[in-house]
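Dear colleague,

Please find the structure below, handed over for your records. My findings on its salt bridges and its surface follow.

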Amino acid sequence: EGLARVICRKLGIAQIVEPDLREWSVIVDKLKSARRRLTIGLVGKYTSLHDAYLSCIESLRHAGIHQGAEVAIRWINAEDLEQGDPAAQLDGCDGILVPGGFGPRGMEGMVAAARYARERKVPFFGIGLGMQMAVVEFARHVAGLADAHSAEYDESVRSLFSLPCEDARSFSGGGVPDGHVFNGSFAPPGEKERPMRRGSWPVAIAAGTRLHRAYGQELAHERHHHRWEFNNEFRQVLADQGLVFSGTSPDNQLVEAVEIPDHPCFLASLFHPEFKSRPNRPHPLFRAFVQAAMETAQKSRT
């Protein structure tokens, strides 16, 4: 709309530089010409405030644009899934996204959503707390660890996810990159400040996994904002039952992502890929998730 000319004139730049909008024009054309519609069930605990998940919503739309699809969000309160049959709210979803959050509220609803997706072969993507609950669901209903949970719910339970020890380098087997620390986080009065993993960290991607097919490379750098880490005591027992630990720290001590291979798409990550998605560069994991949702939707409608 001529903004570049206005700026050049105001700044006294004699030679007006017109921006190259060809890439953006292609994106807009794809958005306007989308002919398919996908319904993604977003299961969270803050669904009354949609902006709480704005980065995830935009990331889904970025991936939808590049797949020629319009993404519609079905807002599902995780607490509502704790009552009655989850199918009442999840049936008809082409994919299920369980994003991040803090605290125990709604956890069992997230577990129910992960179980529904796993058993009914609906594409699933869990992020942060969503990954925790996806692993808890697998441990309970596939590996037979009926009392499995996260210490974020109750630190006295059989914790698949727990706090790192005070010495972060010891906790990670010495694999904390230079300049990276487990930062303290805000705590209410009278409570101890607890460590969190923040910022960009390297993720080693296992060859032959869906994660590797999505990224097309063996190393990525992803942004983190979480407190609870996977407890490696349970890695072998879950792996024996088919859970694939497809993303780890380079020293293989910190679990970053998991997946279920015999599934159209069952991915979960502790890191937050929504922070790196852009309209012209959809994040690889959102792109893989939306593509799987499209393929599943096409099969169900034919």
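A salt bridge is counted here when a side-chain nitrogen of Lys or Arg lies within 4 Å of a carboxyl oxygen of Asp or Glu. The model is a predicted one, in which local features need pLDDT of at least 70 and side-chain atom pairs count only at pLDDT 80 or more, whereas totals for chains, interfaces and linings use all residues. Residues are numbered from 1 along each chain as its sequence is written, and side-chain values use heavy atoms, with hydrogens and water left out.

Twelve salt bridges are present in the structure. One of them joins glutamate 137 to arginine 118, with 2.7 Å between the closest N and O atoms. Because glutamate 137 belongs to helix α6 (residues 129–141) and arginine 118 to helix α5, this pair ties together parts that are 19 residues apart in sequence. Helices (H or I, at least four residues) and strands (E, at least two) are DSSP runs, numbered from the N terminus.

Are these two residues buried or exposed? Glutamate 137 counts as buried, at 0% relative accessibility, and arginine 118 is likewise buried, at 15%. The term buried means under 20% relative accessible area, exposed means over 50%, and partly exposed lies in between (1.4 Å probe, protein chains only). Both residues also belong to a network of salt bridges that links Arg115, Arg118, Glu119 and Glu137.

Two further salt bridges deserve mention. Glutamate 70 pairs with arginine 37, the closest N and O atoms being 3.2 Å apart. This pair links distant parts of the chain, since glutamate 70 is in strand β2 (residues 69–77) and arginine 37 in strand β1 (residues 36–44), 33 residues apart. Glutamate 70 is partly exposed at 44% relative accessibility, as is arginine 37 at 47%.

Arginine 105 and glutamate 79 meet through their side chains at 3.0 Å, N to O. Here too distant parts of the chain are linked: arginine 105 is in the loop between β3 (95–98) and α5 (107–120), and glutamate 79 in the loop between β2 and α4 (87–90), 26 residues apart. Arginine 105 is partly exposed, with a relative accessible area of 37%, and glutamate 79 is partly exposed at 31%.

Finally, leucine 3 is placed in helix α1 (residues 3–10) and is exposed, at 59% relative accessible area.

Yours sincerely
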